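Here are a few notes to go with the model you are looking at.

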Amino acid sequence: MEFTRRSAIVMGAGAFAALALPKLAVAAAGEDAIAAFTGGADLADTGVTLTAPEIAENGNTVPIEVDAPGATEIMVLAMGNPTPGVATFGFGPLAGSQHASTRIRLAGTQDVVAIAKLADGSFAKASSTVKVTIGGCGG
């Protein structure tokens with residue numbers, strides 16, 4: 001088989017596409033999880049407070065806190081992880097506060113998103129970008 005410039009370009013384009021497709025699938029998985037949780041409803045930008053570090057030295061243990069007064073459920077997503085869903089917290093009518101804190105694992109620098117379902121059926125969103133120096137999901 002003769003190796004021509006055209007075949008080199010085709011192979012290079014194929015390799016680029018193969019490397020780019022997993023990143024597109026991860027982004028789509030996060031958006032799909034948000035759509036499934038909200039049912040496609042609009043998201044308000046107020047009502048949820050997400051506290052996360054700006055820089056995390058180790059992606060294995062990144063502390064986050066979410067506060068959403070009046071929420072019945074809070075979903076936390078790490079948009080750049082292979083599996084974006086991190087946690088869903090449910091709050092009953094006797095809950096003293098709608099606050100949760102945990103440590104999450106991040107594969108690399110990415111957005112962490114918190115979406116709250118409020119008691120009136122509306123949804124609110126907060127996000128924070130966390131820069132990770134050492135990846136926690138095999139990175």
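1. A word on terms before the sheet: two strands pair if DSSP finds at least two bridges between them, and strands are DSSP runs (E, at least two residues) numbered from the N terminus. This is a predicted model, in which local features need pLDDT of at least 70 and side-chain atom pairs count only at pLDDT 80 or more, while totals for chains, interfaces and linings use all residues. Residues are numbered from 1 along each chain as its sequence is written, and side-chain values use heavy atoms, with hydrogens and water left out.

2. With that in hand, have a look at the open sheet of 3 strands, ordered S2-S4-S7 with antiparallel pairing. Its edge strands, each pairing on one side only, are S2 (49–51) and S7 (99–104). S4 (residues 62–67) is joined to S7 by 6 bridges, and Val 66 stands opposite Ala 100 in S7.

3. S8 (residues 110–118) is the strand that holds Gln 110. S5 and S8 run antiparallel and are joined by 7 bridges, with Val 76 opposite Ala 114 in S8. S8 also runs antiparallel to S9, through 8 bridges, and Asp 111 has Thr 129 in S9 as its bridge partner. The hairpin of S8 and S9 has 4 residues between the strands, and there Gly 121 takes a positive phi near 95°.

4. S8 is mostly covered, as 7 of its 9 residues are buried (under 20% relative accessible area, with a 1.4 Å probe and protein chains only). Gln 110 is buried too, with a relative accessible area of 7%.

5. What does the side chain of Gln 110 meet? A polar atom of this side chain lies 2.6 Å from the backbone nitrogen of Gly 80, and one lies 3.4 Å from the backbone nitrogen of Met 79. Leaving aside neighbours within four places in sequence, residues in contact with Gln 110 (heavy atoms within 4.5 Å) include Asn 81, Ser 128 and Val 130.

6. Finally, the cores. A nonpolar core is a set of buried Ala, Val, Leu, Ile, Met, Phe, Trp, Tyr and Cys residues joined through side-chain atoms within 4.5 Å. The largest has 23 residues, and those with the most contacts inside it include Val 66, Ala 116 and Val 130. S4, S5 (71–78), S8 and S9 (123–132) each supply at least two of its residues. A second, separate core of 8 residues includes Ile 34, Leu 77, Met 79 and Val 113.

Note on methods. Buried < 20%, exposed > 50% of the residue type's maximum accessible area, 1.4 Å probe, protein only. Polar contact = N/O pair within 3.5 Å; in protein donor to acceptor, adjacent residues only side chain to side chain.
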